[in-house]
Amino acid sequence: MDTTAGRGQLRRFAQERDWDQLNLDVAFDQAGGKVIWQPRILAWYSDKQFAGEALPAPYAGMTLAQLYRALGCSNRVYEYNACFKGTEDPRVTLSRRELSATEYELCWTTPVGRQRAVYRMFKESPWHEPVKWPIADEQEMKVAAWRAERTTWAWDQAAFDRVAAEWRGLGAPAMFICRTTIQQLYVSDMGVEAAIYALMDYPATCERYFEALNQSQERLIHVINASPVRLINFGDNLHGSTTTPALFEKYILPVYQRRCELLHAAGKFVTSHWDGNCKPLLPYARDTGLDGIEAITPQPQGDVTLEETKAALGDMWLLDGIPAVFFDHTYSEQTLLDCARKCIDLFAPHLILGASDEVSSHGDIERVRLVGEVVDAYNATVNG
């Protein structure tokens, strides 16, 4: 399949495929050896939208779903998160106040106190930087725990229907659960330095907050288990340079094991997002109860090799595997394609191939097609 006609035939086959079913078949080991190409290109797309930059021809004016269809590949459709609605205690009020042209304040007022956060906006990025985090001291953490203890979850069928109307055929429904214990503190609530001090200064309050988060997330899992969404991710952004093995063992591993037990009882496929330096944590992979791990980033972008990743995962699934920088012109197309083939050689059929973590705004979107051709050629050799 090295001719232009052959490549065109393979791409037509990919575009006509039922990606939803292949996604489920690969995840549940029923694909007959095939793998799936599922690059995440949201950052590439949304950065261009934010900057008011037109997509290159022939993709100008396309929605993200239309772009996936045009590229002939699958998406990891986390848009189904919109189907799970969290509701706070009715006594919680949220207010927003504009402080300047670039900063705004959020305040959560409750019967037991309030939380306050300030965020800064940028002209160059849609990211809003926390100037003052939602938790800055022990009292605000107690308020956050009170809120989590009283958060309930419900299924939104109308949202499911809306997402399915846009994304059906491009990937099976998927969702991610809010971050686990200290990852929630690091990424969403406090920042790393303040969270480390909090663990040292008031550990009992931290652990009460973690338990409140776990209870809320188990209520969410009951809703997930009753839903048609079968692909579940823990959106932790785990990074071994901040979450040490000791912290992982104490605060994350038991939660993973409990969540996996609950989700597997309902027939769910369960993964977690580890997109930082993973080498210190990979020895725990098979103890977690997870089916696979998403976004492990190999060298030269991350701190592990593909061979080290395979040795740690064993028969677990790898989601992604190609360093996202290989989609930039810094690296040759041959380097990218060699890596894609290596991922297949090492991990197939337990492979949902993608970019670790996402194709950047500087990436060459046509390279997505090139990897798709490698995957299609491989799949064409499987089962005859």
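In helix α4, the residues Leu-64, Ala-65, Leu-67, Tyr-68, Ala-70 and Leu-71 are buried, where buried means under 20% relative accessible area, exposed over 50% and partly exposed in between (1.4 Å probe, protein chains only). Helix α4 spans residues 64-71, and since six of its eight residues are buried, the helix is largely enclosed by the rest of the structure. Gly-72, with a positive phi near 70°, follows α4. Helices (H or I, at least four residues) and strands (E, at least two) are DSSP runs, numbered from the N terminus.

The model is predicted, so that local features need pLDDT of at least 70 and side-chain atom pairs count only at pLDDT 80 or more, whereas totals for chains, interfaces and linings use all residues. Residues are numbered from 1 along each chain as its sequence is written, and side-chain values use heavy atoms, with hydrogens and water left out.

An open sheet is formed by seven strands in the order β1-β14-β12-β11-β10-β9-β8, with parallel pairing. Strands β1 (36-37) and β8 stand at the edges with a single partner strand each, so one side of each is left without a neighbour in the sheet. Two strands are taken to pair if DSSP finds at least two bridges between them. Strand β8 (residues 174-177) pairs with β9 in the parallel sense over four bridges, and Phe-234 in β9 is the bridge partner of Ile-177. Strand β9 is also joined to β10 by four bridges, again in parallel; here Asn-233 has Thr-271 in β10 as its bridge partner. Strands β12 (residues 317-319) and β14 (residues 351-353) run parallel and are joined by two bridges, with Leu-318 opposite Leu-351 in β14.

In a regular strand the side chains alternate between the two faces of the sheet. Both faces of β9 are covered, as Leu-231 and Asn-233 on one side and Ile-232 and Phe-234 on the other are all buried.

The structure holds one cavity of 30 Å³ or more. The largest cavity has a volume of about 80 Å³. On a 1 Å grid over the protein atoms alone, a cavity is a set of points where a 1.4 Å probe fits but cannot get out, and lining residues have an atom within 4 Å of a point. Grid points are joined across faces, edges and corners, and a volume is the space filled by probe spheres set on the points. The lining of the largest cavity consists of Asn-23, Gln-38, Arg-76, Tyr-78, Ala-174, Leu-231, Ile-232, Asn-233, Phe-269, Thr-271, Leu-319 and Ile-352. Two or more lining residues are given by each of β9 (231-234) and β10 (269-273), and the largest share, three residues, comes from β9.

Asp-89 lies in the loop between β2 (84-87) and β3 (93-98). Asp-89 is buried, at a relative accessible area of 12%. The side chain of Asp-89 reaches the backbone nitrogen of Arg-91 at 2.8 Å. Leaving aside neighbours within four places in sequence, Asp-89 is in contact (heavy atoms within 4.5 Å) with Trp-146 and Arg-150.

Gln-21 is found in helix α2 (residues 19-27). With 39% relative accessibility, Gln-21 counts as partly exposed. The C-alpha atoms of Gln-21 and Pro-300 are 33 Å apart in space, and the two residues are 279 residues apart in sequence.

Methods. Polar contact = N/O pair within 3.5 Å; in protein donor to acceptor, adjacent residues only side chain to side chain. 1 Å grid on protein atoms, 1.4 Å probe; cavity = no way out; pocket = protein on both sides within 12 Å on 5 of 7 lines; lining within 4 Å.
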